[in-house]
Amino acid sequence: MLRSGAGRTLCGRGFSGPPTQSRSTIRPSRFGVRRLWDGWVESKRANQSVWSAQASRAFSSGSKGVGARENPWLGFDMKRVEAHWKKGGRIRAEWQQRYNEQQQQQPDQANTASQAGRTVYVLPMFPYPSGALHMGHVRVYSISDVMAHYHRFQGAQVLHPMGWDAFGLPAENAARQHHVQPQDWTRQNIASMKEQLIHLGLTFDWDREVATCDPSYYRWTQWIFLQLLAQNLVYQAEALVNWDPVDRTVLADEQVDENGRSWRSGAVVEKKPLKQWFVRSTQYAQSLLDGLDESVLTGWRDVVSMQRSWIGPCDGFKFKFGLNAELESQDLWVWTSRPELLWGSAFVGITPEHILAQTHDQSELPEFQINEGRVQRLPLQAVNPMDPKHILPILLFHDTDDFPSESDHFLGIPEICAMSRSVAEALTIPFTSVLSTDQTTLMNSSQFSGQSLAAAKASILDQARAHNAGGYAVSSRLKDWLISRQRYWGTPIPIIHCEGCGAVPVPFEDLPVVLPELDSLKHETGEFGESPLAQAREWLEDVVCPKCGSNHARRETDTMDTFVDSAWYFLRYLDPKNGSEICGQGPAQALPVDVYIGGKEHATLHLYFARFITHFLHHLGISPVKEPFKKLIVQGMVKSKTYKTKSDGRFVPESEVDLSQEPLVEKSSGEEVISYWDKMSKSKFNGVDPKHVIDKYGCDTTRLMMLAEASPTAERLWSEDSYTSINQLQTRFLKLLRLAQSVHVEEVKGSVRSKEFKAHEERLINSRNFHVSGTNFAYATTSNLRFVVHKIQSLLKDLWITPDVVKRDCVEFQRGLATAIILMTPMSPHFCAELWEGLRQVKVKQCPNYRWDKTVFHQDWPQMDRDWKLSLGVEFKDKNIDQIPLSIDTLNDLTHKSALKLVEERPQYQAIFGTNPVLSEFHVEKDHRAVLNVKFDMAKMSPQQRKQLREQEKEEKRRKRERRQEKIAAFQAIEAKKTVK
């Protein structure tokens, strides 16, 4: 174990070599410290790796090098190391060189990489360019970089792009506040954040960079809109919207908090009717629901249930009813679970929140008090889309308990609904019986009369779909996607409004419709629902109708919801320079995204919209897949210690809190302060600037501090206290490396017997295989990077306790250290790259399988020895009752049947189950472990067997009680002796 004193000294000293000593004050010693530091300085002048210069001066001349039990950080400046490997994109160049060499290998050459030649798409969710990274960014992009490095080690050509979700209200508000154009503000922020991401040492494919505010990008966002319009999936309709009177824009329901306030401005949201653009995403509800059963979806877990809950059970169908009234041009979409009974419907019921109820003065509507509560009748009628002669009244219900789940309307069918019959009879609304006496066929249903219910249902749905009148499966609560926003800084909707032709799409060849620059972004003088784009008179009115050529036309002034921009960016990354199509067929084959990383707050809306657009593009033949994301890593929120006064809840910066006493108090006022963990926010004074942390510790250490304390899916309670353990890990790496170097140039004292040497060798072999198995499983399957660090720490501990003579003479020590460095490289690439350069300078190379003339990025990823044994675990009542050692190949080839056969022959199994029938569940994790969970099959047991089992269980409980009593008695006897003494 590390000495605590050394750990404290290093923790206080930091990583910059001898930070409190100048070069001239370092005293020469028999370990050559002065020469090593001189070599380090000269290496930077020569633009070389630290170790390439150090080793040539410290070791080639016979010097004994820095002792492993001296300060291993002397001569090792972490920040300069990182600067060296960042310069000119060295790490990315190393990876590209490795991939190029792989491609040049002959087909018959062995390639140990598991993904050699395959393209792996690793994608973090792209950020809004606010201008500054926060610690949440550090977490998500560190995770994605680790995954990218890991898959490169597997021989894959990794796509790891980055871009900017650059449109949106925050930039528009900031530009208004600072009196600049949103374009300029956004461009500056992008440049700043890009520099910060590079400073973090991330290996993004910057040649694939996109920004949603770039006309070359939103040209294709507009193209998608027009394709949706061509497929009758876009429409304009009156809708009751959430109006933010401060930001003067429409908000989605999800952007209004539980108190009815805007998520951004905090203003009380007003409900107002407004004509809006919608995407008929509900038409793909069944396809999206079915897609959640895809076997390719890994790591989705509770996200699948969130998506299912959002979509709802597709147990009904929507139909487009017409409205039979003057000045009512829009349609009424009605959901029903029984489409075959349309001709049996008597009325359409709506709630007070329905747009039709909101656009009528309810005080003037005729009112009826019936058993079902207060009901009012609207001066409108709904027209059956299958039969224009079938006209239904529209009723406003104030008691909506009988309405479908979360629906604002209801189709009353008296023949199958007692409430509907009661209402129809009370209001003398005529209705028709459409079911035969035996309720198996239809009657009084136009051309569908005489058909079986199933046949009629299928025919009605087919006809509705053929006439664009609905007929697609959907839940009662799922709504269409409202994409209109009354903002300037967004993708313009490519529509021209003509006085004669109505809404006409902009021709494809005229895309993009480019945002004009505005002198002012103010809303104050505008009308309700009017976008700032209405000020751009020349842009707005200098246009002709593409259909009839009339000059009496004007452009649409609404812009699109930013969710539209982010619903397809992962496709554009694959072919970002293509000016003739959204994405070529060849590049599109990289879909689906293999690993998608982002916050859980996006698990519903963003994923739903991205899945919808991909399903649609698959229908067009553009996307080769329906589901865009294969593996999902949903990282938890980063929280910070937060302080506020107990009396009035006023937030207080940590620097103003007296932390030396309990309870905590504010230094200036003496008021009691409470502390808790909360999401980082400027308003709460609990934010942490990543630049400050990176400047203090370096990018690799910052990444490790972020990743090593919690699994990616868990919340990260940020504290710099985690630096101590990371420092100890890095220090042990350096000490082991110094030892690996020194044992071959210094005299090693002591000796071990042959039997003891063999035992250490066997221990190192088992340790290496055990930790490689666990680490590979964590990287490839669970993505639990905290577990990776734990495994590497454990491996280093086993290497550390090995006697020096074994370190010198046993190949497994050098192999184990090399393995640990490579396993750590995805998480700490700059540090490990330099460690490998040091390992390359070891005088005696005992492991011929490494490419000693290459950097760490050219090494094969560690694998287990093929003759090492894994285990098949047998579980009963959540307890492990047996472990069966198996070779790796045997375990990987196990099936449920073969595993059960192996287990049935074991005495542990026989002692519990004998010949009784059992139920079992089997799970195998390749190259890691297999588990067979066994329990009694009570349904197949005979009465005699069940009786015998109950007796066995009673006997087992009796024995447990006896053992417990014996333990208690023994403890009491010991206590009694103590009392006597």
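**Note on the predicted model: salt bridges, helix packing and backbone**

1. Glutamate 925, arginine 929. Arginine 929 is partly exposed, at 39% relative accessibility. Its partner in a salt bridge is glutamate 925, with 2.6 Å between the closest N and O atoms. Glutamate 925 is buried, at 12% relative accessibility. This is a predicted model.

2. Salt bridges overall. The structure holds 40 of them. A network of salt bridges links Asp648, Arg650, Glu666 and Glu671.

3. Aspartate 865, arginine 815. These two form a salt bridge, and the closest N and O atoms are 2.6 Å apart. The pair connects distant parts of the chain, 50 residues apart. Arginine 815 sits in helix 26 (residues 811–824). Aspartate 865 sits in the loop between helix 27 (829–840) and strand 27 (869–876). The relative accessibility of aspartate 865 is 19%, so this residue counts as buried; the cut-off is under 20%.

4. Aspartate 462, arginine 465. Aspartate 462 has a relative accessible area of 45% and is partly exposed. Arginine 465 is also partly exposed, with a relative accessible area of 40%.

5. Helix 29. Which residues of helix 29 (residues 896–904) are buried? They are Ala899, Leu900 and Val903. These three cover an arc of only 100° around the axis, so they fall on the same side of helix 29. Lys897 and Lys901, on the other side, are exposed. The cover over the buried residues includes strand 27, strand 28 (879–887) and helix 30 (907–913). It also includes strand 29 (918–925) and strand 30 (929–936).

6. Helices 22 and 24. Helix 22 (residues 723–742) packs against helix 24 (residues 785–800). The angle is about 40°, and the axes are 11 Å apart. That angle makes helix 22 oblique to helix 24. Their crossing is left-handed. Helix 22 brings Ser725, Leu729, Arg732, Phe733, Lys735, Leu736 and Leu739 to the contact. On the helix 24 side they meet Val789, Ile792, Gln793, Leu796, Lys797, Leu799 and Trp800.

7. Cis peptide bonds. Most peptide bonds are trans. Where do the exceptions listed here fall? The bond from leucine 511 to proline 512 is cis, with omega near 5°. Proline 512 lies in the loop between strand 17 (502–505) and helix 15 (537–541). Leucine 591 and proline 592 are also joined by a cis bond, with omega about 5°. Proline 592 lies in the loop between helix 18 (585–588) and strand 20 (593–599).

8. Positive phi. Most residues other than glycine have a negative phi. Glutamine 439 has a positive phi, near 60°. Its place is the loop between helix 13 (418–426) and helix 14. Asparagine 468 also has a positive phi, near 55°. This residue is in the loop between helix 14 and strand 13 (470–474). Asparagine 468 is partly exposed, at 42% relative accessibility.

Methods:
Residues numbered from 1 in each chain as written. Predicted model: local features only at pLDDT ≥ 70, side-chain atom pairs only at ≥ 80, totals over all residues. Heavy atoms only, no water. Salt bridge = Lys/Arg side-chain N within 4 Å of Asp/Glu carboxyl O. Buried < 20%, exposed > 50% of the residue type's maximum accessible area, 1.4 Å probe, protein only. Helix = DSSP H or I, 4+ residues; strand = E, 2+ residues; numbered from the N terminus. Arc of directions from axis to C-beta. Contact = heavy atoms within 4.5 Å. Axes fitted to C-alpha atoms, helices over the stretch in contact; angles between N-to-C directions. Parallel < 35°, antiparallel > 145°, perpendicular 65-115°, else oblique. Left-handed = near helix turned anticlockwise from the far one by under 90°.
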